[in-house]
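Reader: I'm new to this one. Could you pick a single part and walk me through it slowly, helix by helix and strand by strand?

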Amino acid sequence: MLERMSVTAGQSFREKMFPYLLLTPTIAIFIVVLLYPLVNGIVLSFTSYSLLRPNYNWVGLQNFRSIFSSPRYWGTVVNTVGIIGVVVVLQTLLGMSMALLLNRKFRLRGAARSVVFSIWVLPPVVVAQLWLIILNSQFGVLNFLLNEIGVLNEFLPWRARPGLARISIGLVFVWRGIPFFIVMILAALQGVSSNLIDAAKIDGATAVQRFRFVVLPTISRILVLCMLLSMIRLFQVVDVVFVLTGGGPVNATNTLALEVYRRAFEGFQFAEAAAVGVTWMVFLILLATLYVRQITRE
Amino acid sequence: MKKILFVFVVFCGATMLFAGGASEPETDGPITIRFQEWLSSSETSGNALRHMIARFEEENPGIRVELVSVPFDDTQQQSLLAASARNAPDVLQLNPTFASPLIDMGALVDLTEFFEQGQLDQIPAGALDSGLRSGQLFTLPWQLGPITVFGNVGLMERAGIGREIPDNVEDFKDAIRRISELDQGVYGFGLRSALSANTGFWFAPWIWMHGGELFDDDGSPAVDAAATVEALEWLREMQEDGLAPVAMESIAEGRALFTQGRIGFVFEGPWMRGLVRDISGLGEEADSLYVVGEMPASPDGIRRTIANDHVLAVSRDSRHPELAARLIEFLTANQEIANFYFETMASIPPFESILSDPLFADDDYVQVFVSSAEYSQALLSPHPRLSEALTALASSMQDVILGGDPRAVATDVSSEFERLLTD
């Protein structure tokens, strides 16, 4: 009997451990690719590490004091929050308008949806290069068109003036992000009950009232999720801003993500970049928390 | 079945752990030298480079050269990362600003053991100095790149300036103004304004032309605020009075505008000959579109300019430094190769003995750069954070262009130089 018990206990232990063993490669990848860099980055932010001077030591909060006392850092935070805030609102409004339009039945609706969606699949660097040409102050199509139709009577330097540069970045972000909103909202609109719409029509509700009291409540959760996802994604964008303006002029379009890149790979000050990255991570954690709360809400 | 699965999982885990550490074994056959370069980024220069490498391999059958193409803008970053990871290619194409931090971190090999002093004495001091540290030489010039003034002949003649580049800064400014007055959309000078270290570097001649300094003889920051203010005030004037395009963000844009006859003067190097021929599509006929002259002198009569030299270095990670040095010698000191590189890319070699060839000696265009090379400065300071300081200078230029007070901006630049470049 004892023999039988010991055999059963051994098999049970192996059987219990086997699933964890199968998870080992995944856990190893998680630790190596995600957890270690994250912890290493946080630890690095408390050191003086620089690629130019590999010998480094612990400096505590010095990097954080340095960046928090830098006007450039706070300007970057304002740029990031400001640009993203405006862009997400515009993406939502324009995305919803176009989704409502593309939800109606008309000829070539499928082709129109495909054209809109094709913008989303373009690589970000290609998008940035495309807009670089469009926005060129000397040869760009935008200046030419606006002058031809009489909106402007001069060629504007879209990337060389702070205000115009922010508008340019915002324009590209909105253009690129709208398809995502359209796809998600279109999907949500399929869940709007046609019976409710018909009932509202019978009750005399106008189109605006039907949208406000029937459609919007149904799709509101998807809208909020889209906005949060878009914000999280925009917080991480480096490529478009890097190619279009490099964060200029005079840091007018510098974002937190680009600031991390510039400190790390232009200044080679990895510890300072890590410190900026930690503050950037705080913003992202806040957004991610809101997002998780939203998707797990009843 | 579970046992097989168990063994498979352990095998996968072990493979992942050890796969990254595997290194290629040495085999018999040609020795491979890795050469990091940016010439392959363009078709013309890439073809020229491949021809030169093919000739080297013909003369050295036991050596194979593997090109590692890295765009110019990424060179400093990639070189530093590779050097930190101790797997940098054998030979690196750099410029002095990129090379400086590599020298500082001990990532390059002393070349004096591979080159005789007699050879090195043939190279202009300004070009050689950028690679020297405490008597050791870490980079060898490959292509001299002193910056001079290119003038569009058509615009100069229409403005009544003639065919000579103005000799001093006041005449130069006057010429810029006269060209700008010719037509709308025509500018006297093409000024770079992108936020980059290169923009800051190319602003140094303007500060020198106004009698100012950025560094002392030891390379320590010594920003002459008064002269810098003057240079920045002139920069703002150029923008406000329409003497320069409002936003010449990219170098390519400036070159295109110059070739089209919309910019009177640009600062450029010897490569401009090939570029104008390409951009205009006129080939050698395009040589008549412009004249070249040395940098105008400052009020006290001193001529100074920067140099965008291309240099070559051997990485400390090279397993065959002597073969790497042989490649460098071939590329820099071989007459046939130097002549070929000049004919295809207007590249000016550093060695005096090679420059005495009639191909170079009888070419007035070349002689302007040879003269400028005598006093050009390829490296403003050996400090490893020089790039950041020059980016701060570029930012100050943008600030002034946008209406910032030159005095306040110059003071800020001075503080930034002190902060970044004083250990």
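**A close look at chain B**

This is a predicted model. Let's start with a pair of helices in chain B: helix H11 (residues 251-259) and helix H12 (residues 272-280) have axes that come within 10 Å and cross at roughly 70°. With that angle, H11(B) counts as roughly perpendicular to H12(B), because anything from 65 to 115 degrees falls in that class. The crossing of H11(B) over H12(B) is right-handed.

Who touches whom? On the H11(B) side you'll find B:Arg255, B:Ala256, B:Phe258 and B:Thr259, and they meet B:Met272, B:Leu275, B:Val276, B:Ile279 and B:Ser280 of H12(B). Sorted by class, this contact of H11(B) with H12(B) has 6 nonpolar, 2 polar and 1 charged residues.

The axes of helix H2 (residues 43-59) and helix H13 (residues 321-333) of chain B come within 11 Å, crossing at roughly 120°. That angle makes H2(B) oblique to H13(B). This crossing, too, is right-handed. H2(B) brings B:Met52, B:Ile53, B:Arg55, B:Phe56 and B:Glu59 to the contact, while H13(B) brings B:Arg326, B:Leu327, B:Phe330 and B:Leu331. The residues where H2(B) meets H13(B) split into 6 nonpolar, no polar and 3 charged.

Chain B has an open sheet of 5 strands, in the order E2-E1-E3-E12-E6, and its pairing is mixed. Strand E2 (63-69) and strand E6 (140-143) of chain B sit at the edges with a single partner strand each, so one side of each has no neighbour in the sheet. Going from one strand to the next, the twist averages 25°.

E6(B) pairs with strand E12 (residues 310-314) of chain B in the antiparallel sense, over 3 bridges. Along that pairing, B:Pro141 stands opposite B:Val311 in E12(B).

And here's H13(B) again: this helix packs on the sheet, touching strand E1 (31-37), E2, strand E3 (91-94), E6 and E12 of chain B. The direction of H13(B) makes about 160° with that of E12(B).

Notes
Residues are numbered from 1 along each chain as its sequence is written. Chains are lettered from A and ligands numbered from 1 in the order in which they are written. This is a predicted model: local features need pLDDT of at least 70, side-chain atom pairs count only at pLDDT 80 or more; totals for chains, interfaces and linings use all residues. Side-chain values use heavy atoms; hydrogens and water are left out. Axes are lines fitted to C-alpha atoms, for helices over the stretch in contact, and angles run from 0 to 180 degrees between N-to-C directions. Helices (H or I, at least four residues) and strands (E, at least two) are DSSP runs, numbered from the N terminus. Angles under 35 degrees count as roughly parallel, over 145 as roughly antiparallel, 65 to 115 as roughly perpendicular and the rest as oblique. A crossing is left-handed if the near helix is turned anticlockwise from the far one by less than a right angle, and right-handed if clockwise. Contact means heavy atoms within 4.5 Å. Ala, Val, Leu, Ile, Met, Phe, Trp, Tyr, Cys and Pro count as nonpolar, Asp, Glu, Lys and Arg as charged, and the others, Gly among them, as polar. Two strands pair if DSSP finds at least two bridges between them.
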